[in-house]
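This report walks through one protein model for a reader who is new to structures. Please keep the sequence and the 3D view at hand while reading.

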Amino acid sequence: MRACKFHFLSCLIGVVLTFLAQRSGAQPIFSDDFASFANGNFNGGQFQSGLVVAYGGNLTDWDKAGGGVVHAVDRANVFGSGNNPSDFAVMIWQDNVITQLAAVAGSNASGTPYEVVF
C-alpha cells in the first residue's frame, strides 16, 4: 500500500511541475542540433543500433579537446544503407570535451534556475 501512495504522490508532483513549467512561458536561451558536424571519419555503425558513427569531426562554434574528438552518431541513418538527412548527436567518449566558443547570452543571472535538456 505504501508503494502505491508513493507512486501516486510522485505522479501528482510530476503533473504539477509540468503544468507550472508550461505556464511559466520560459523560452529557451540556447539550443543546438549539431547539424554543423563536418569532416568526420565515418568508419562504421554503432554497436547494436547500427546507426552511422563518425569521429574526429568539427563543430561550428565549438572548441574540442581529447583524443579522436568530436564523436557523433547520425540518428537518422543506419551504416551501409539509408540516405536520410543527417540528424547528428554528439557523443562524449573517453577524454572528449567540447566547449562553446562564445558565452550564451542570459545564462549567468544570479538566483535564476536553469533547466538543461539533452
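Which helix and strands each supply at least two residues of the lining of the largest pocket? They are H1, E5 and strand E6 (97-100), where helices (H or I, at least four residues) and strands (E, at least two) are DSSP runs, numbered from the N terminus.

The model is a predicted one, in which local features need pLDDT of at least 70 and side-chain atom pairs count only at pLDDT 80 or more, while totals for chains, interfaces and linings use all residues. Residues are numbered from 1 along each chain as its sequence is written, and side-chain values use heavy atoms, with hydrogens and water left out.

**The largest pocket**

The largest pocket has a volume of about 1200 Å³. On a 1 Å grid over the protein atoms alone, a pocket is an open set of points where a 1.4 Å probe fits, with protein on both sides within 12 Å along at least five of seven lines, and lining residues have an atom within 4 Å of a point. Grid points are joined across faces, edges and corners, and the volume is the space filled by probe spheres set on the points. Of the 30 residues in the lining, those closest to the pocket centre are Phe30, Glu115, Val116, Val117 and Phe118. By class the lining has 19 nonpolar, 6 polar and 5 charged residues; here Ala, Val, Leu, Ile, Met, Phe, Trp, Tyr, Cys and Pro count as nonpolar, Asp, Glu, Lys and Arg as charged, and the others, Gly among them, as polar.

**Aromatic pairs**

Rings of Phe, Tyr and Trp (its six-membered ring) pair if their centres lie within 6.5 Å, and planes under 30 degrees apart count as stacked, over 60 as edge-to-face and the rest as tilted. By this rule there are 5 aromatic pairs, and two of them are set out below.

| Pair | Centre distance | Plane angle | Type |
|---|---|---|---|
| Phe34 and Trp62 | 5.7 Å | 45° | tilted |
| Phe37 and Phe88 | 4.9 Å | 50° | tilted |

Phe34, in the loop between helix H1 (2-24) and strand E1 (41-45), and Trp62, in strand E3 (residues 62-65), are 28 residues apart, and their pair links distant parts of the chain. Phe34 is buried, with a relative accessible area of 17%, and Trp62 is buried as well, at 16%; buried means under 20% relative accessible area, exposed over 50%, and partly exposed in between (1.4 Å probe, protein chains only). Phe30, Phe34 and Trp62 are linked by ring pairs into a cluster. Both Phe37 and Phe88 are buried.

**The sheet**

Four strands form an open antiparallel sheet in the order E1-E2-E4-E5, two strands being paired if DSSP finds at least two bridges between them. E1 and E5 stand at the edges, each with a single partner strand, so one side of each is left without a neighbour in the sheet. Strand E2 (residues 51-55) is joined to strand E4 (residues 71-78) by 4 bridges, and Ala54 stands opposite Ala72 in E4. E4 and E5 also pair over 4 bridges, with Ala89 in E5 as the bridge partner of Val73.

Most residues other than glycine have a negative phi. Asn39, however, has a phi near 60°, and Asn39 is exposed, with a relative accessible area of 62%. Gln94 has a positive phi of about 55° and is found in the loop between E5 and E6.
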